[in-house]
Amino acid sequence: MISDSVQGAVKWITYTNPVVTNSVQGFNSMLNWVGITSSSEKQKIMKIESQNIFQMFGKNIYIYKMAGLLGASAVILGAYGAHVVAHKANPEEIRNFETANRYHFYHTFALFGVPFCRFPRITGALFLSGTLIFCGTCYYNGLTGDKTFNKYTPTGGMLLIAAWMSMIL
């Protein structure tokens, strides 16, 4: 499935690199100096787990993969907008494109928190569909100047609102 070298790299980045270990040691020293914890409690608080990080994602790893895909597409579209759309479109189209890209990024980051919700599949589906409809119609208008699909933008916005509301269930 996933090679040992990738798992080793992820483990090093998340647990055993010098920045993380020094930060943990510094935090432990600060707690001990303040007198908040004893050494045994300190070890319980700041114990670094060396479990496989991919097991932590569980069944919802597909949500992280979708967030990665959405993030990459947001960067690509943002670069395209900055280098192409900004020079060819009128100010209203540029504003629509920038709005789409900003909301695209916001909801990509929100997607990373979805696996911690009570109903991650529902919340994830709402975020994905809302982002595609809301941002897609804004991107389309920014790229073409055609306002045909603008009538669907509020639907995407409502789906995004529903996604945020579903996080509190």
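This is a short tour of the structure above, stop by stop, with something to select at each one.

**Before you start**

The model is predicted, so local features are reported at pLDDT of at least 70 and side-chain atom pairs at pLDDT 80 or more, while totals for chains, interfaces and linings use all residues. Residues are numbered from 1 along each chain as its sequence is written, and side-chain values use heavy atoms, with hydrogens and water left out.

**Stop 1: the whole chain**

Show the protein chain as a cartoon. You will find eight helices and zero strands; helices (H or I, at least four residues) and strands (E, at least two) are DSSP runs, numbered from the N terminus. Next, colour by accessibility: of the 169 residues, 31% count as buried. Buried means under 20% relative accessible area, exposed over 50%, and partly exposed in between, with a 1.4 Å probe and protein chains only.

**Stop 2: the two annotated spans**

Select residues 62-82 and then 122-140, which UniProt lists as "transmembrane region" in an unreviewed entry. Such positions are given in the numbering used here, feature names are shortened, and annotations may be inferred rather than shown by experiment. Residues 62-82 are 100% helix and 0% strand, with end C-alpha atoms 30 Å apart. For residues 122-140, which are also 100% helix and 0% strand, the end C-alpha atoms lie 26 Å apart.

**Stop 3: α5 against α6**

Pick helix α5 (residues 61-88) together with α6: their axes are 9 Å apart and the angle is about 160°. Here axes are lines fitted to C-alpha atoms, for helices over the stretch in contact, and angles run from 0 to 180 degrees between N-to-C directions. That makes α5 roughly antiparallel to α6. Angles under 35 degrees count as roughly parallel, over 145 as roughly antiparallel, 65 to 115 as roughly perpendicular and the rest as oblique. The crossing of α5 and α6 is left-handed, meaning that the near helix is turned anticlockwise from the far one by less than a right angle (clockwise would be right-handed).

**Stop 4: a ring cluster**

Show the side chains of Y103, Y106 and F134, which ring pairs link into a cluster. Across the whole structure there are eight aromatic pairs. The Y103 and F134 ring centres are 5.1 Å apart with planes at 50°, so this pair is tilted. Rings of Phe, Tyr and Trp (its six-membered ring) pair if their centres lie within 6.5 Å; planes under 30 degrees apart are stacked, over 60 edge-to-face and the rest tilted.

What does this pair tie together? Y103 is in helix α6 (residues 91-111) and F134 in helix α7 (residues 120-144), so the pair joins parts that are 31 residues apart in sequence. Y103 is partly exposed at 31% relative accessibility, whereas F134 is buried at 13%.

**Stop 5: the cysteines**

Select the cysteine sulfurs. How many disulfides are there? A search of the whole structure finds zero, a disulfide being a pair of cysteine sulfur atoms within 2.5 Å. For C135, the nearest cysteine sulfur is that of C138, 6.6 Å away. C135 is buried at 1% relative accessibility, and C117 is buried at 12%.

**Stop 6: α7 against α8**

Finish with α7 and α8, whose axes come within 7 Å and cross at roughly 155°. That makes α7 roughly antiparallel to α8, and their crossing is left-handed. Now click on I161, in helix α8 (residues 153-166). I161 is partly exposed at 48% relative accessibility. Its C-alpha atom is separated by 8.8 Å from that of L126, 35 residues apart along the chain.
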